[in-house]
Amino acid sequence: MDTSGRLGGMTRSFEKVGVVGLGTMGAGIAEVFARAGLAVVGVEADPDALERGRGHLEASTGRAVAKGRLSEAEQAEILGRVTLTTSLEDLADADLVVEAIPEVMDFKRSLFTDLDRICKPSAVLATNTSSLSVTGIAATTTRPGQVVGMHFFNPAPIMKLVEVIHTVVTEDGLADEIAALARRLGKTPVSVGDRAGFVVNRLLLTYLNHAAVLLENGLATRDGIDAAMRLGVGLPMGPFALLDLIGLDTSYEVMCVLFQESRDRRHAPAPILRELVTAGLLGRKSGGGFYDGDEPASSRAD
Ligand code: 3HC
């Protein structure tokens, strides 16, 4: 018996890819695959969410056209590679499915149980989770060796990294195949083990959360902290602008998972994060978070 887990030693070919969840990240991921010439099936839960997903795809590629980075014909070609549907059954013949639904373990487990039933036996199932256990997701399927993390960064069409997360049961060679796929997408893969937050979010969210704690402690204002980190460290965005970009709900969830795993009080979510999330102020996606909409406006959190 072949124990390489690679289709009798053959390397898989990824030509048709499913993306489940077409929010900011999922739509960005679908765009990345379509730009690389793969056929993409984008799935959302209902027609309204599907239309919002279509809107994300059109706006993002439209921005590239407006900037002269893409011709209208190329945009049409990219969008033409994406089929949008509300039926998971349309993923039956996908070679790879990337899940990008909200960071709720029960939702992910239930989705992976369905994907395991629907997708062909050779299909690889990947999660774009920011911090949840890939092993815990894999364990809900009958193919845990074919489940990996494929973690993209926001905005997905721009950020060059993909964290490729393997678990203790990932088939030999699969992480390398996913890394090769990431390179085909124009990304740089980094191989990471299955620990909360992986590399980037473990380090980045700890820093962003600490910025929120400093704000609450009155050390400096929101604008002062953002300016300090942009101008003093050369970061493209200050911590509050970045929290708004990532989404305060996602950021809060990542901190909760980190805190749960580590019990280290440096990972305790800043109360202001929880408060803004409870108020529905999730950042750019809800039109406001630490800042009002896209631009620094009121000093809500000052
Ligand atoms: N979608 C697609 N493209 C976008 C975009 C978006 N949301 N936002 C900006 N872009 C594109 C622009 O069109 C432009 O493309 P071009 O060079 O082809 O013209 C390019 O990005 C640069 O944009 P701008 O000139 O408008 O703005 P900036 O130079 O300020 O760059 C930025 C914007 C790329 C978002 C930059 O500020 C940045 O790198 N910020 C940090 C982002 C970051 O750290 N992301 C990681 C977050 S952690 C994460 O995602 C993990 C998750 O699990 C939580």
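Where does Arg263 lie in this chain? Arg263 is found in the loop between helix H10 (248–262) and helix H11 (271–278). The structure discussed here is a predicted model.

## Domain organisation

The domain assignment divides the chain into domain 1 (16–192) and domain 2 (200–286). The C-alpha centres of domain 1 and domain 2 lie 26 Å apart. Domain 1 contributes 8 residues to the contact, and domain 2 contributes 10 residues. On the side of domain 1 that touches domain 2 there are 2 nonpolar, 4 polar and 2 charged residues.

## Ligand surroundings

The shell around the ligand comprises 18 residues, the closest being Ser130, Phe153, Asn154, Pro155 and Pro236. By class, the shell consists of 10 nonpolar, 5 polar and 3 charged residues. At least two residues of the shell come from each of helix H2 (47–66), helix H7 (200–217) and helix H9 (239–246).

Because domain 1 (16–192) and domain 2 (200–286) both give residues to this shell, the ligand shell lies between them.

Pro155 belongs to the loop between strand E6 (147–151) and strand E7 (161–165).

In soluble globular proteins, nonpolar side chains tend to be buried together. The largest nonpolar core of this model has 81 residues, of which Ile29, Ala30, Val97 and Val148 touch the most other members. Helix H1 (residues 24–35) gives the most to this core, supplying 7 residues. Domain 1 (16–192) and domain 2 (200–286) each provide at least three residues to this core.

The surroundings of Val97 can be given in detail. When neighbours within four places in sequence are left aside, Val97 is in contact with Gly18, Val20, Leu91, Leu115, Cys119, Ala123, Leu125 and Ala126.

## Positive phi angles

Most residues other than glycine have a negative phi, and most peptide bonds are trans. Phe198 is not a glycine, yet has a positive phi of about 55°. Arg263, also not a glycine, has a positive phi of about 55°.

Phe198 is located in the loop between strand E8 (188–192) and H7. Is Phe198 buried or exposed? Phe198 is buried, because 21 other C-beta atoms lie within 10 Å and the threshold for a buried residue is 20 or more. Arg263, in the loop between helix H10 and helix H11, is exposed, because 9 other C-beta atoms lie within 10 Å and an exposed residue has 12 or fewer.

Key:
Residues numbered from 1 in each chain as written. Predicted model: local features only at pLDDT ≥ 70, side-chain atom pairs only at ≥ 80, totals over all residues. Near = placed C-beta within 6 Å. Helix = DSSP H or I, 4+ residues; strand = E, 2+ residues; numbered from the N terminus. Nonpolar A, V, L, I, M, F, W, Y, C, P; charged D, E, K, R; others polar. Domains from an automatic or database assignment. Core = buried A, V, L, I, M, F, W, Y, C linked by C-beta atoms within 7 Å. Contact = placed C-beta atoms within 7 Å.
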